[in-house]
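Please open the structure in your viewer and keep the selection panel at hand.

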Amino acid sequence: MIQDTFERINQMVLKEFIQIFRDKRMKAIVFVIPLLQTMVFGYAVTMDVNHIPTAVYDVDRSYESRELVRRLTAPGYFDVLYRPGSPDELRDLLDRSKITFALQIDRGFSADLKRRIPTSVQVLVDGTDSNTGIVALDYANRIILKFQRDLSATRPAPAVRIDLRQRAWYNPELKSKNYNVPGVIAMVIMLTSLLLTSMAVVREREIGTMEQLMVTPLRPAELILGKTIPFAIIAFFDMVLVTVFGVLVFDIPINGSLALLPLSTAIYLLSILGIGLVISTVAKTQQQALMSTFLFYMPAVLLSGFMFPIENMPEVFQYMTYLNPLRYFLVIIRGLFLKGNGMSILWPQMAALLVIGVAVISFSALRFRKRLG
Amino acid sequence: MTLPPAIIATGLSRSFGSIHAVNKLDLAIDRGELYGLVGPDGAGKTTTMRLLTGILEPTSGEAWVAGFPVRTEAERIKEKIGYMSQRFGLYEDLTVMENILFYADIYEVARSVRKARIERLLGFSNLTPFVDRLAGKLSGGMKQKLGLACALVHTPEILFLDEPTNGVDPVSRRDFWRILYDLLREGVTIVLSTSYLDEAERCTRIGLMHKGTIIIEDRPKNVRSSLAMPMMEVWTDKVRTAGEIVRTVEGVSSVSVYGDRLHIGLKHKGAASAVLVMLEREGIAVQDYREILPSLEDVFITMVEK
């Protein structure tokens, strides 16, 4: 009896794999989407902190001001593309996104330095691109401090002090962090598993094989397992694919325990496969399954902390994120990769994910069986 | 050992909201019958099939298939029956052989008998040369035969076919019926639904379905003669004009056109001569005429109108 069950599930899984590898669309979902997403998010984050388009508004036009600009541009972080002649011009460049970084050196900068009284330069950053903004400010900060130290060394006391006043325009908080590639693992697992599960079930209904399967001795539970195990396997494959790609191409560090990655992925998959099954009970055609998947996927990503910090969201949305499995898995996966967190820190996330997962998969299994009957 | 009757249904009903798809249906089908559920689209044929195969729960009433009640022992029934839904239920991206093997696996057909059985199924359905072809690349008739082969892979006792020849060319339909008669000789009970009345004629027994219930049930010949209505068939050149004229004759109850013939339903036998006299007076040449038994279509239309 148990052996028969095992054999039938096995045959369902094998059949599913044959079908996936014969279908161009399915193959694209399995192989292309993960790599494409990793590339997009990986490059968008790591490349942008070099060659930051920069404007320098130098009113002082002194040896010292030119020296500061030279030091700023030397490492290749900042490309000085514009030298505006007025504050309005500078503002216009930022407004039109011609530049994301601006340095303003006012008249009297060199004179103040020579008289050894505190002086200031202004740094402006386009905060809409918060990742680049925070990195650019950090670079500028370090370069200007170094400049200050070097000046103090050549000119004996009293010590020179340059007061750096930084302000990010449009988004003064700059809270987002740039660990996007590990986050891509979470997104890829979600997207591929949702799409494959919902579409594979709906396709059976569309072509009439679901009806045929229902008169075979195949039990509903076997059908559910046969329709989720293949996509769980593929999700694990994609997880490894993105991890290897992230480590090799983007030098993503793995600071935590690698063993926790498959464990947390498995718990995460409970929710995702469950949601895929629910979508398959709602959608009548594969197109509807596709649209329903994205209807869930987009808000799930937006309300996960992947791109926008949860603390910045209105309170109602913050509460909604507690229902989002992606939220917990992102904390786990970023903790594993970047912070080197272990079970002792991540267990609350794991527990929350497990509770949501068990609830969702139970609900979906019940609903799925009911739809069959 | 005597086997329980193939199918018994008492007061079987299924509603979808306010629609009574199947309404207090009674049915008794013996082993070895080729039973046809006949009726137009929407009569409740498919719902009946789905109730009897255990896919759908009845709203009320009960049915026994191969001796097992559908409500509580649907899983036992599934081992005894084969079912071919309207769309054949094939995986179009799998080959002919992969489709058959998949169903053989799901039905747990023992490895020892599997090879011989599949060869036989492929042989009688003439699919042997196409084993490696994708099911999606088969013609409609071949898909239908593959669907049948898949439904037969576990040698079911009772075979359910839901409009099996819908959208299949006439030659393939004839082949298909040859296969059904072979199965019947082997003792398989077959229940099929059809809206083609010429196919209904080939069943051993038929039930005419209308609004979710069976309005008349017997051998096709008996069903036709049960309509105690004399009918005549008239061959003529101008069927349409002739039809208009005949309709006005007293004692004529129905007129329908079949190609170059008219089927005329009569209230009494004597009306036949009145029809011929009228046609001659109007100058319509009658090539031939004869008394006929009403066709199933005639019966069906008359029954539904009652």
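The stops below lead from the individual chains to their interface and then to particular residues. Please bear in mind throughout that this is a predicted model.

**Stop 1: the domains of chain A**

Select chain A and colour it by domain. Domain 1 comprises residues 2–45 together with 179–372, while domain 2 covers 49–169. Taken over C-alpha atoms, the centres of these two domains of chain A are separated by 46 Å.

**Stop 2: the interface between the chains**

Now display chain A and chain B together. Here 27 residues of chain A make contact with 27 residues of chain B. The size of an interface is often expressed as the accessible area that is lost when the parts come together. Between chain A and chain B the buried area is about 2,500 Å², and carbon and sulfur atoms give 56% of it. On the chain A side, select A:Glu211, A:Gln212 and A:Val215: these residues lose the most area to chain B, and together they account for 25% of what that side buries.

How many salt bridges are there between chain A and chain B? The count is four. One salt bridge can be found by selecting A:Glu211 and B:Arg50, whose closest N and O atoms are 3.1 Å apart.

Next, select α1 (2–22), α7 (180–207) and α8 (209–214) of chain A, the elements that give two or more residues to the side touching chain B. Of these, α1(A) gives the most, with nine residues. By class, the residues on this side of chain A are nine nonpolar, seven polar and 11 charged.

**Stop 3: an aromatic pair in α1 of chain A**

Remain on helix α1 of chain A and select A:Phe17 and A:Phe21, which lie four residues apart, about one turn of the helix. A pair of aromatic rings is described by the distance of the centres and the angle of the planes. Over all chains, a search of the whole structure finds 11 aromatic pairs. The pair formed by A:Phe17 and A:Phe21 is stacked, with 6.2 Å from centre to centre and 15 degrees between the planes.

**Stop 4: the two domains of chain B**

Domain 1 of chain B consists of 7–91 and 158–224, and domain 2 of 228–305. Their C-alpha centres lie 34 Å apart. The contact takes 15 residues from domain 1 of chain B and nine residues from domain 2 of chain B.

Between these domains of chain B, the buried area is about 990 Å², with 83% given by carbon and sulfur atoms. To view the domain 1 side, select α7 (197–200), β9 (205–210), β10 (213–218) and α8 (220–226) of chain B, each of which supplies at least two residues. The element that gives the most is β9(B), with four residues. This side of domain 1 of chain B has 11 nonpolar, two polar and two charged residues.

**Stop 5: B:Met278**

Finally, select B:Met278, which is located in helix α10 (residues 271–281) of chain B. Which residues does B:Met278 touch, not counting those up to four places away in sequence? They are B:Ile245, B:Thr248 and B:Val249. B:Met278 and B:Val249 are 29 residues apart in sequence, and 7.5 Å apart in space from C-alpha to C-alpha.

How values were computed:
Residues are numbered from 1 along each chain as its sequence is written. Chains are lettered from A and ligands numbered from 1 in the order in which they are written. This is a predicted model: local features need pLDDT of at least 70, side-chain atom pairs count only at pLDDT 80 or more; totals for chains, interfaces and linings use all residues. Side-chain values use heavy atoms; hydrogens and water are left out. Contact means heavy atoms within 4.5 Å. Buried area is the accessible area (1.4 Å probe) that two parts lose on being put together, summed over both. A salt bridge is a side-chain nitrogen of Lys or Arg within 4 Å of a carboxyl oxygen of Asp or Glu. Ala, Val, Leu, Ile, Met, Phe, Trp, Tyr, Cys and Pro count as nonpolar, Asp, Glu, Lys and Arg as charged, and the others, Gly among them, as polar. Domain bounds come from an automatic or database domain assignment. Rings of Phe, Tyr and Trp (its six-membered ring) pair if their centres lie within 6.5 Å; planes under 30 degrees apart count as stacked, over 60 as edge-to-face and the rest as tilted.
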